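Hi,

Here is the structure I said I would pass on. Have a look at it first, and then read my notes below.

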Amino acid sequence: MLTWGDEYQIGHEDMDGEHIILFALLNQLEFNIGSNQAASCVTDLLRALMSYISFHFAHEEALMMLYGYPELADHQLAHQALITETTRLSQRATSVDAGVVALEIRTFVRDWLLGHIRQDDRRYVAHIRGLS
Ligand SMILES: [Fe+2]
């Protein structure tokens, strides 16, 4: 269970709001996996999480482009790496139990996101602030 706290606040209202939604989706996915809900509840939520991640990454990248963030290309690569790995994990769903795959993706996204927010995302906000 993820708990939102100051250590995850990057100081950009919209992006903090989207990160809070990502926390909520990850927590709901954890709940769905842990409460033995039907496989469709788990896979639907996984789909919702991945689609929100794509939306959020596109939103962040548009913001970085708008402010001429010099590390945009590296940041995009980091985003792409998350998408590539979660896609790889989800493609195992045919050979491995869907609940096991969902748990692996949830754990991977959670660990990746916590590090990414505290390090990479803080840097573009510092850049934006430096310009304003
Ligand atoms: Fe990011």
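Let's start with a word you'll need: a residue counts as buried if 20 or more other C-beta atoms lie within 10 Å of its own, exposed if 12 or fewer do, and partly exposed in between, with the C-beta atoms placed from the backbone. By that cut-off, buried residues make up 18% of the 132 residues in the protein.

Two bits of housekeeping. Numbering starts from 1 along each chain, following the sequence as written. Also, this is a predicted model, so local features need pLDDT of at least 70 and side-chain atom pairs count only at pLDDT 80 or more, while totals for chains, interfaces and linings use all residues.

Now the overall picture. There are four helices and zero strands, giving the pattern α-α-α-α along the sequence. (Helices are DSSP runs of H or I with at least four residues, strands are runs of E with at least two, and both are numbered from the N terminus.) The C-alpha trace spans about 50 × 25 × 20 Å along its principal axes.

How do the helices come together? Take contacts, meaning pairs of residues whose C-beta atoms, placed from the backbone, lie within 7 Å. Of the contacts with a separation of 6 or more, 62% are between residues 24 or more positions apart.

Next, the nonpolar core, which is a set of buried Ala, Val, Leu, Ile, Met, Phe, Trp, Tyr and Cys residues joined through C-beta atoms within 7 Å. The largest one has 14 residues, and Leu26, Leu29, Leu46, Leu49 and Ala102 touch the most other members. Helices α1 (13-34), α2 (39-66) and α4 (98-131) each supply at least two residues of this core. In soluble globular proteins, nonpolar side chains tend to be buried together. Leu49 touches Leu25, Leu26 and Leu29, leaving aside residues up to four places away in sequence.

With 28 residues, α2 reaches 41 Å from its first C-alpha to its last, close to the 40 Å expected at 1.5 Å a residue (that is, 1.5 Å times one less than the number of residues). Its buried residues are Val42, Leu45, Leu46, Leu49, Glu60 and Met64, and their cover includes α1, α3 (72-90) and α4. Just after α2, Gly68 takes a positive phi of about 60 degrees.

Cheers

Technical notes
Two residues are in contact if their C-beta atoms, placed from the backbone, lie within 7 Å.
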